[in-house]
Structure formats: structure tokens, C-alpha cells
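Reader: I have a model to look at. Please show me how to read its features, one by one.

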Amino acid sequence: MDGVLVTELTRWGRSTIDLITTLQDLAHWGVSLIATTGLQFDLTTP
């Protein structure tokens, strides 16, 4: 399983659209995103 570890999800992208696009790309590639603080997202379910 591949994954990307970030300290805070709010610092990931320049905008909400950028963040959503990146999350969709990661899900398509089968890569998990793990944030050590803040919100958590399960990209394996709708």
C-alpha cells in the first residue's frame, strides 16, 4: 500500500478545488492520504 503523509491537510493545496482534484488523483492511483492532524478522509468509499 502506498501513501502520502502530511502534517495538516489544510496546507496541502492552494484552494479547495486543488485539494479535491489531488485527492481524486491519489484515489485513482490507489494512494492513501494520511494527515497527522485535522480532518480524516477515507478515499476507499464514496
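Author: Start with contact: it means heavy atoms within 4.5 Å. Leaving aside neighbours within four places in sequence, A35 is in contact with V6 and L9.

Reader: What should I know about the source?

Author: This is a predicted model: local features need pLDDT of at least 70, side-chain atom pairs count only at pLDDT 80 or more, and totals for chains, interfaces and linings use all residues. Residues are numbered from 1 along each chain as its sequence is written, and side-chain values use heavy atoms, with hydrogens and water left out.

Reader: Which pattern does the protein chain follow along the sequence?

Author: Helices (H or I, at least four residues) and strands (E, at least two) are DSSP runs, numbered from the N terminus. Here the pattern is β-α-β, with one helix and two strands.

Reader: How many bridges join strand 1 to strand 2?

Author: Strands pair if DSSP finds at least two bridges between them. Six bridges join strand 1 (residues 2-8) to strand 2 (residues 31-37), and the two run parallel. The chain passes from strand 1 through helix 1 (residues 16-29) to strand 2, a right-handed β-α-β crossover. Right-handed means a clockwise path from first strand over helix to second, with the strands pointing away from the viewer.

Reader: Which residues form the largest nonpolar core?

Author: A nonpolar core is a set of buried Ala, Val, Leu, Ile, Met, Phe, Trp, Tyr and Cys residues joined through side-chain atoms within 4.5 Å. Buried means under 20% relative accessible area (1.4 Å probe, protein chains only). The largest core has eight residues: V6, L9, L19, L23, L26, V31, L33 and A35.

Terms used: Buried means under 20% relative accessible area, exposed over 50%, partly exposed in between (1.4 Å probe, protein chains only).
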